[in-house]
Amino acid sequence: EASLSTGGEATLHWSDTVGKAVLVTTDAPVLAADEAYELWFVRDGTPISAGVSTPGDAGQATALLNAPLEDGDTVAVTIEDEGGSPSGQPTTDPVVALPTT
């Protein structure tokens with residue numbers, strides 16, 4: 001569990017057996033209508049998009065990361081344009097980074 005730099009908390013749950021991860025946010029700030037939180041696996045220093053999430057009005061969201069988790073990955077969250085980063089790479093600093101080791 002870690003605090004988002006924008007406010008709120010993020011908790012990462014994962015299963016080594018199935019290689020899947022879920023990110024749960026609480027009290028995260030609601031973003032502008034043209035923004036979303038993008039999830040990333042940071043693997044050996046390289047960010048890999050793992051999906052986009054938009055918290056509800058209460059700042060709560062549960063997002064299944066859309067790629068297999070590997071040992072040593074860090075899961076990071078950035079604020080991007082709605083639909084995700086157009087370049088496929090983060091365009092802002094992470095609001096939170098959660099190591100899996």
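The legends below describe close-up views of a predicted model.

**View 1. Salt bridge between Glu70 and Arg43.** The N to O distance between the two side chains is 3.5 Å; a salt bridge is a side-chain nitrogen of Lys or Arg within 4 Å of a carboxyl oxygen of Asp or Glu. Glu70 sits in the loop between β6 (61-64) and β7 (74-81), and Arg43 lies 27 residues away in strand β4 (residues 35-43). Strands are DSSP runs of E, at least two residues, numbered from the N terminus. Glu70 is partly exposed at a relative accessible area of 42%, while Arg43 is buried at 19% (buried, under 20%; exposed, over 50%; partly exposed, in between; 1.4 Å probe, protein chains only).

**View 2. Salt bridge between Asp73 and Arg43.** Here the N to O distance is 2.7 Å. Asp73 belongs to the loop between β6 and β7 and Arg43 to strand β4, so the pair ties together parts 30 residues apart in sequence. Both Asp73 and Arg43 are buried. Through shared partners, Arg43, Glu70 and Asp73 form one network. The whole structure holds two salt bridges.

**View 3. The largest nonpolar core, with 21 residues.** Such a core is a set of buried Ala, Val, Leu, Ile, Met, Phe, Trp, Tyr and Cys residues joined through side-chain atoms within 4.5 Å. Leu23, Tyr37 and Leu65 touch the most other members. Two or more residues each come from β2 (9-15), β3 (20-26), β4, β7 and β8 (96-99).

**Notes.** Residues are numbered from 1 along each chain as its sequence is written, and side-chain values use heavy atoms, without hydrogens and water. Local features need pLDDT of at least 70 and side-chain atom pairs count only at pLDDT 80 or more, whereas totals for chains, interfaces and linings use all residues.

Definitions and conventions. Helices (H or I, at least four residues) and strands (E, at least two) are DSSP runs, numbered from the N terminus.
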